[in-house]
Amino acid sequence: MKELQDIVKAFDRAQKAGKQTALATVVHVEGSSYRRAGARMMVTDDGQLTGAISGGCLEGDALRKARLVMAQQKPMLVTYDTTDEDDAKLGVGLGCNGIIHILIEPIDPSSSNNPIALFKQFLSKREPVVLITVFTLNDKQATQPGTCALMNKDEQVTGAFPDSIIKDAVLIDAKDVLKNGNSVTKTYIYEDRFTCFIELLQPAVSLIVVGAGNDAIPLTKLAAVLGWQITVIDGRANYIVSERFPLADKLIVTKPDDALSKLSLDDRTVFVLMTHNYNYDIAMLKRLLPLQLPYIGALGPKKRLNRILDELREEGINVTDEQLKSIYGPAGLDVGSENSEEIALSIISEIQAVLTKRNGSSLRYKAANHSRGGEQIVQQSLTENI
């Protein structure tokens, strides 16, 4: 998400400066790689790079190829095979053990459906979309259509397909990705054997920080680095000021009773309760529990949280096991945090782990850190009658 935001901003700057641009996208990975499919980098004709397609190993070679793409105004599919022992001789030196397929396409500002235009459509709303990128994996010399279409949550499609025969099948798969949330790479076997990377794009995390104390400041700074949307709410007007929270998107002075009416919530919205005001926190949690949010972090000791929950039960509120699953208190991963910056790091890390359904353990215990074994190419034969 942050990468797309940065790419769009860099494109707009390049346009004002009269520069040509190209977009490099990792469209498929076999085995181990630093970045997975969907990683992107924009290149300008004077060599400025925004985003990343590797850990820094591929960027130099991709820059050279992107300049060729801009000169020819023709997309190119490039494959880096790091399973080849001669890889080091080529000067790529990825340090992984996989095959990375990268599509490099020129960005035509005059096209209303160029990749940046599709990104902007996605970024304009807090809604998931499916982005469809078409290429030909088995014949790198064939025409590479590139980033061509976007389907929104209402299944409306923007863009065009290079072949009407594959369109219906691709849209069926796009609807499935939109519903089930798993990006896929699929080869449609018809004439030139088009391959489609059908990618789910999710809106940025919306972080609602309840409490505008000094310890909330580093939390908002770290969230801003990740491109999250940040809202800070508190009942104290002298705390809710832009000088204290310059990176926040919204600052709201409110009482707990009115807080939810001032917010727009969705399944990418998370809360962190850190007012250090017991009554404010219990009043907020009382209103948040029924919402089935993915994450509610509560700062402070476990004893304090248990006391809050006990008081809510005494009020006759049925705190269900399902609701308890969304409450994380004390908030944060156990990384030995002491000061506010370290605590912010642990909370941000926990939120990321929860949203990506990870347990937050050390990567050293994984058998393969950069394995992309789940990114399989699915074959589908097509006929004229689909």
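Start by selecting Cys57: with a relative accessibility of 28%, this residue is partly exposed (buried means under 20% relative accessible area, exposed over 50%, partly exposed in between, using a 1.4 Å probe and protein chains only). Before you move on, note that this is a predicted model, where local features need pLDDT of at least 70, side-chain atom pairs count only at pLDDT 80 or more, and totals for chains, interfaces and linings use all residues. Residues are numbered from 1 along each chain as its sequence is written, and side-chain values use heavy atoms, leaving out hydrogens and water.

Next, click Cys196, which is buried at 0% relative accessible area. Cys196 is in no disulfide, and the nearest cysteine sulfur, on Cys148, sits 6.8 Å away. The disulfide count is zero, taking a pair of cysteine sulfur atoms within 2.5 Å as the rule.

Now show α6 (216–225) and α11 (340–355); helices here are DSSP runs of H or I, at least four residues, and strands are runs of E, at least two, numbered from the N terminus. α6 and α11 pack at about 45 degrees with axes 8 Å apart, the axes being lines fitted to C-alpha atoms over the stretch in contact and the angles running from 0 to 180 degrees between N-to-C directions. On the α6 side, select Pro218, Leu219, Leu222 and Ala223; the α11 residues making the contact include Ala344 and Ile347 (contact means heavy atoms within 4.5 Å).

Stay on Leu219: among the residues this side chain's residue touches are Leu207, Val272 and Ile348.

Note on methods: Lists of a residue's contacts leave out its neighbours within four places in sequence.
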